[in-house]
Amino acid sequence: MTLRRLFLISLASGAAASVAHAQAARLDASADLGLRRAVEREVVAARAIGLPERLLIAKANEGIAKRATPKRITDAVAALGKRLQVARDQLAPNPSEDEIAAGADALYVGVPAPILKKMRAAWPDRSLALPLGVLTELVAKGLPANRAAQVVTDLMARGATNVQLYALAQSVQGDVAAGWAPEAALDLRARGVMSLLPPAPAASAFTNPRRP
Amino acid sequence: MRGPAAVCLLFAAHVAAAQAPDEIRMEAGVASLRQAGNTSRGAGVLGVTWRRSRERVVTTASGSLTSARDSTGTAVGLLAARYQFARFPKWRVETGISGAVFGLTSLRGGGTAALFTRVQRAHGPGGLWAGASSGTTNRFGHNMQSSSLDAGAWGEFGRTSATVTGVMTRSYDTDLMAASSLPSRRPVGAFVVRDATLTLQQSFAALDLLAIGTVRAGEGVATRVNDRAMTFAAAFYLSPVAALTVSSGRQLADPLRALPDSKFLSVSLRILLLRRDPTVLRIDRYGAIAFVRRSPDGGAVLTLRVLANSSARVEAYGTFSDWQPVPMQWVLDAWELQVPLPTGPHRVAVRVNGSQWRAPANLTRVTDEFGGEAGLVVVP
C-alpha cells in the first residue's frame with residue numbers, strides 16, 4: 001500500500017512539474033500531448049546547458065501556428081537547439097539572449113559558425129544582435145556568406161555604428177531590388193560607409209620587433 | 001419586376017464601365033422568406049456590388065434582386081460615397097441614396113427612395129458616428145415620409161469587432177408598420193420606433209461569424225409595443241475570391257428601405273469578379289510593404305501596410321506576436337499595423353482573407369522549417 005501511494009505521489013508530482021514547466025514556457029494550448037512532451041524534452045535539455053528556452057517554445061508555437069506536423073515541429077525545435085548552442089559557443093564569453101537568437105538566425109541562412117567568432121572578436125564589448133541581423137539579411141538576399149561577413153566585420157572593426165550597418169543593408173536591398181547584382185551593390189555601399197569612417201591607424205615602423 | 005431589374009443591372013454595368021472599378025462582387029443564392037402573417041416562400045437572390053477606392057474618396061454602388069413565387073420581389077439599389085478630409089484624417093463624411101421597387105405579398109407594390117448622410121470620427125481601432133436619413137415610400141400614388149437619426153460606435157478588439165447603434169425612426173408608412181408585428185392594428189398618424197442594435201463579429205482563420213441583436217420600442221397612436229430580433233451569419237472563405245455565406249434570423253420592419261418584418265434563411269455564394277488593386281493582380285505579395293522608424297526610447301516601430309481592399313480581412317504575424325495572427329487596421333487607404341520592436345532581426349508575414357502567409361514585398365524573404373515564408377526585418 002505504501003509503495004503504491006509513493007508511486008502515485010511521484011506520478012502526481014511529475015505531472016505537476018511538467019504542467020508547471022509547460023505553463024512557464026507558454027507552449028500553445030492546442031499542442032497535443034505527444035508534441036508537448038517532445039518539446040519539453042528539448043526545453044529541459046536546453047535549460048540544462050543554459051540556453052534560452054523561450055526561443056525553443058517560440059519555434060514550437062510558430063510550427064503550431066503554421067499547422068506543421070508534430071514531427072516537423074519537433075525536428076525544427078531540435079535543430080534550433082543545436083544552432084543556439086553553436087551560436088552561444090561561438091559568441092562566448094557572455095552573449096545575450098538576443099545575440100544568441102541572432103546568431104542562430106545567421107546560422108540558419110548559411111553563415112558559417114566561425115564567422116560568428118570573428119564578429120565577436122571585432123566587437124567584444126558591444127551587442128552583435130544588429131550586425132548579425134544585417135549579415136543574415138545580406139546572406140538571405142543571395143550574397144556569399146564569407147564575402148558578406150568580411151565586409152560587415154571590416155566595417156565593425158573600423159568603428160561603424162549600428163545605424164551605419166543598418167543603412168548598408170537597406171541600401172544593398174534597394175539596389176538589388178533595382179536590378180543590381182548583390183555583390184556589386186555590397187561593394188559599392190560598403191565603400192560608401194567606409195568613406196565615412198575614421199581611417200585605420202597607419203602601420204608603425206616599430207610594430208614588428210623582429211624588423212630593425 | 002423585369003423592367004426595374006433590367007434598369008438596375010444596366011445602371012450597374014454602366015457605372016462599372018464608366019468609372020473603372022477597383023472591385024466588382026457578385027452574390028447569388030437561395031433564401032426562405034416569411035413575412036409576418038404569411039407562409040414561407042422560397043426565393044432567389046442576386047446581388048452585384050461595385051466599389052472604387054481613391055486616396056480620400058470611396059464610392060460604391062450595389063444592386064440586388066430578390067424574387068420569390070407568388071410575385072414577391074424586390075429590386076434594391078444603392079449609391080454612396082465617403083470622403084476623408086485631408087486636414088482632419090480622422091473625420092469622414094458618408095452620403096448616399098438608396099432606392100427600391102417592390103411587390104410584396106403582405107403589402108402593395110411600389111417604390112421607395114431615401115437619402116442618408118453620416119459623419120464618422122475614427123479613434124484608434126474604433127470610432128463614433130452620427131447621421132440622419134430621410135425618405136419617401138410610394139404605394140399606388142400615396143407618398144409616405146420617413147426619417148431617422150442614428151448614432152453609434154464601433155471598435156475592434158483583436159479578432160473581435162463590435163458595433164453599437166441607436167436609431168430613432170419616425171415614419172408615416174403605416175402599411176409597412178401595420179404589416180409587421182408593430183402594432184397589430186393600423187393607426188392614423190406617424191409611428192416612432194427606437195432601435196438599439198448590437199453587432200458582434202468574430203474572425204477565425206477562414207471563417208467569419210456575425211451576430212446582430214436588435215431591441216425595438218415603438219409607439220403609434222395609443223399603441224406601444226416592444227419587440228426584439230436576432231440575426232446570425234457565417235461566411236466561409238473558400239478561396240481569396242470566393243466565400244460561402246449562410247444567414248438566418250429576423251429582420252424588423254425598416255421604413256426607410258421599405259423592408260417588411262420577415263424571418264429568413266439564406267445560403268449564397270459570394271464571388272469576386274474583378275479586383276484591380278494589388279490584392280488580385282499581385283496575389284502573391286498583396287502589395288504589402290514594411291518600414292521601420294526608430295523611436296526616441298532606443299527601440300523602433302515597425303509599420304506594415306497592405307494595399308488590399310477595405311472589405312478584406314488582413315492579418316499579420318511574426319516573431320513579434322509569437323506567430324499568433326494579429327488583425328490589421330484600416331487606416332486612410334490601406335491596412336496598417338504598427339508594432340514596437342527591439343533592436344535585432346525579426347520575421348513578419350501578412351495574409352489576406354485567410355490565404356497563404358507572405359513576406360511583405362520590400363523585405364528579404366526567408367523560408368522557414370515549416371514550408372512557409374516570412375520577411376526579415378532588422379531593427380537598428
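This passage walks through the helices of chain A and then a sheet and one strand residue of chain B. The model is predicted, so local features need pLDDT of at least 70 and side-chain atom pairs count only at pLDDT 80 or more, while totals for chains, interfaces and linings use all residues. Residues are numbered from 1 along each chain as its sequence is written, with chains lettered from A and ligands numbered from 1 in the order in which they are written.

Chain A has ten helices and zero strands, where helices (H or I, at least four residues) and strands (E, at least two) are DSSP runs numbered from the N terminus. Among contacts in chain A with a separation of 6 or more, 64% link residues 24 or more positions apart; a contact requires C-beta atoms, placed from the backbone, within 7 Å.

Chain B contains an open, antiparallel sheet of five strands in the order S18-S17-S21-S23-S22, pairing being assigned if DSSP finds at least two bridges between two strands. Strands S18 (326-327) and S22 (364-367) of chain B stand at the edges with a single partner strand each, so one side of each lacks a neighbour in the sheet. Two bridges connect S17 (residues 314-318) of chain B with S18(B), and Ala316(B) sits opposite Val326(B).

Elsewhere in chain B, Ala151(B) belongs to strand S8 (residues 142-157). Ala151(B) counts as partly exposed because it has 16 C-beta neighbours inside 10 Å. Beyond its neighbours within four places in sequence, Ala151(B) contacts Trp129(B), Ala130(B) and Gly166(B).

Technical notes
A residue is buried if 20 or more other C-beta atoms lie within 10 Å of its own, exposed if 12 or fewer, and partly exposed in between; C-beta atoms are placed from the backbone. Two residues are in contact if their C-beta atoms, placed from the backbone, lie within 7 Å.
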